[in-house]
Amino acid sequence: MSIGAFAQQSGISAKRLRTYASSGLLAPVAIDASSGYRYYSPSQLLEARVIDILRRAGIPLAEIGAFLHHPSEEQLQMWTIRVQRRASCSQGALSSVRQLLAMGEGSVEIEEGAPMPRLRAVSRSEQGLVRHENQDALLSNAHLVVVADGMGGAPGGGLASSMAVAITDAAFAMGSIDELGAGIRAANRAIWERARTEAGLEGMGTTLCAAGLLRDGALVVAHVGDSRAYLFHGQSLFQMTDDHTVTAELVRRGELNGDDARRHPHHGVLTRALGVGPEVVVDSSSCTVETADRVLLCTDGVSNEISAEEIRRVLGGSQDIESAAHQLVDLVISRAGRDDASVIVAEVSP
Ligand SMILES: [Mn+2]
C-alpha cells in the first residue's frame with residue numbers, strides 16, 4: 001500500500017507515519033530507491049492503531065517501541081498507574097490554584113497545623129568486591145533521600161558522590177521540582193570544576209538519584225545516570241526513573257530486549273553522569289503519594305543483581321522498612337555481586 005492509502009486506512013496522517021518511522025516505529029515494508037516512496041503492508045494496520053492510541057494517551061514513542069517488542073500486561077499496568085497519578089497531580093494543582101485565588105493576596109503561606117507528610121528512611125550500603133572503598137554515597141532526612149554512585153577511581157569517585165549528595169541536599173528546601181533540578185545541576189558544575197582543576201581527580205563523576213517531598217505533599221524525583229527510584233503503592237511497584245545507559249536507551253528504542261541488554265558489551269556504560277561536562281540534563285517527574293507508600297532508591301549494584309519482581313516482593317512482604325532494606329541488600333550479597341550496593345527505603349508518614 002502507498003503511504004497515502006495506508007494513511008487513509010489507518011486514520012493516521014502521512015506526516016505522522018513519517019514521524020513514527022523516523023522514531024524507529026512502524027518502518028515501511030519497502031521504500032522505492034529511486035522515488036523515495038514508502039510502502040506499507042495491510043498487516044501493519046493493527047500495530048499502527050496501537051502506536052497511535054498509546055501516543056494519544058501520552059506515552060513517549062521510545063517506550064512504545066520497547067512495548068511493541070515485548071507487549072506485557074505489566075507495562076500496561078505501569079502506564080495506567082502513571083496516567084492516574086498524573087491526573088491526580090494535575091487535579092491537585094488546579095484545586096490549589098482555586099484555593100489560592102479564593103483566599104486572595106497575603107494568603108501564600110503554609111497553614112498552621114496543616115499536616116505535612118514526612119519521609120522515614122532506612123539506608124543500607126555494602127562495599128563491593130572490586131574496590132578498596134565504597135564509592136556510593138547516601139543521604140536521608142525527613143524530606144529528601146539521595147543516592148549517588150561515584151566513578152573514576154579513588155579518591156575521585158567517592159568524593160564526587162559525596163559532593164553530589166551534599167550539594168543537592170543544601171539546595172533543596174521542599175520548594176519545587178525545579179529547585180531539586182537546580183541543586184543537581186549545581187552539583188554537576190562543582191564536581192566538573194574540581195575534576196578539571198585538581199590533580200588526581202580528573203575523570204571523576206557520579207550518578208545521582210533523589211526523591212524529595214514538597215510542602216504540598218507531592219513527591220518529586222530527579223536523576224542522572226543509572227541509580228534508580230521506585231515507588232511502591234498498594235502492591236504495585238513503579239519504576240520512576242529511566243536508566244541513562246547505552247543499553248537502556250537501545251531497549252527503550254526497541255532495538256534491544258532486556259535479556260540481551262544484560263549480556264551486551266556496553267551494559268552499564270552511562271550516557272549521562274554528573275561531573276563530566278559543565279552542563280547536564282536532569283530528568284525529573286512528580287507524583288502524589290499517600291501515607292504508607294514506600295520509596296526505594298538504589299544504585300546499579302542492586303538493580304543489576306535483583307529483579308523488579310524481587311524488589312516488589314520484598315517491599316510488599318516486609319513488616320517494616322528496616323527489614324525491607326536488610327532483605328534487599330542480603331539478597332544482593334547472596335548473588336555475589338561485585339559492585340557497591342546501596343539502598344534507601346523510605347516510607348511516607350503523616
Ligand atoms: Mn555501581
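Donors here are N, O and S atoms within 2.8 Å of the metal. With that in hand, here's a quick tour of this predicted model: the donors of its manganese ion are spaced D-x150-D-x38-D along the chain, and the protein splits into domain 1 (1-101) and domain 2 (118-349).

**The manganese site**

- Three residues hold the manganese ion: Asp149, Asp300 and Asp339, each through OD, at 2.0 to 2.2 Å.
- Asp149 sits in strand S5 (residues 144-151) and Asp300 in helix H10 (residues 300-303), so this pair links parts of the chain that are 151 residues apart in sequence.
- Asp149 has 8% relative accessibility, and under 20% means buried, so Asp149 counts as buried.
- Asp300 comes in at 13% relative accessibility, so Asp300 is buried by that cut-off too.

- The C-alpha centres of domain 1 and domain 2 are 30 Å apart.
- Domain 1 brings 12 residues to the contact, and domain 2 brings 17 residues.
- Together the two domains bury about 1,200 Å², with 60% of that on carbon and sulfur atoms.
- On the domain 1 side, Met78, Arg85 and Cys89 account for 44% of the area buried against domain 2, more than any other three residues.

**What links them, and which helices take part**

- You'll find zero salt bridges between domain 1 and domain 2, and one residue pair in polar contact.
- Helix H4 (61-69) and helix H5 (73-103) each give at least two residues to the side of domain 1 that touches domain 2.
- H5 provides the largest share of that side, with six residues.

Note on methods: Residues numbered from 1 in each chain as written. Predicted model: local features only at pLDDT ≥ 70, side-chain atom pairs only at ≥ 80, totals over all residues. Heavy atoms only, no water. Donors = N, O, S within 2.8 Å, 3.2 Å for Na, K, Ca; no water. Helix = DSSP H or I, 4+ residues; strand = E, 2+ residues; numbered from the N terminus. Buried < 20%, exposed > 50% of the residue type's maximum accessible area, 1.4 Å probe, protein only. Domains from an automatic or database assignment. Contact = heavy atoms within 4.5 Å. Buried area = accessible area lost by both parts, 1.4 Å probe. Salt bridge = Lys/Arg side-chain N within 4 Å of Asp/Glu carboxyl O. Polar contact = N/O pair within 3.5 Å; in protein donor to acceptor, adjacent residues only side chain to side chain.
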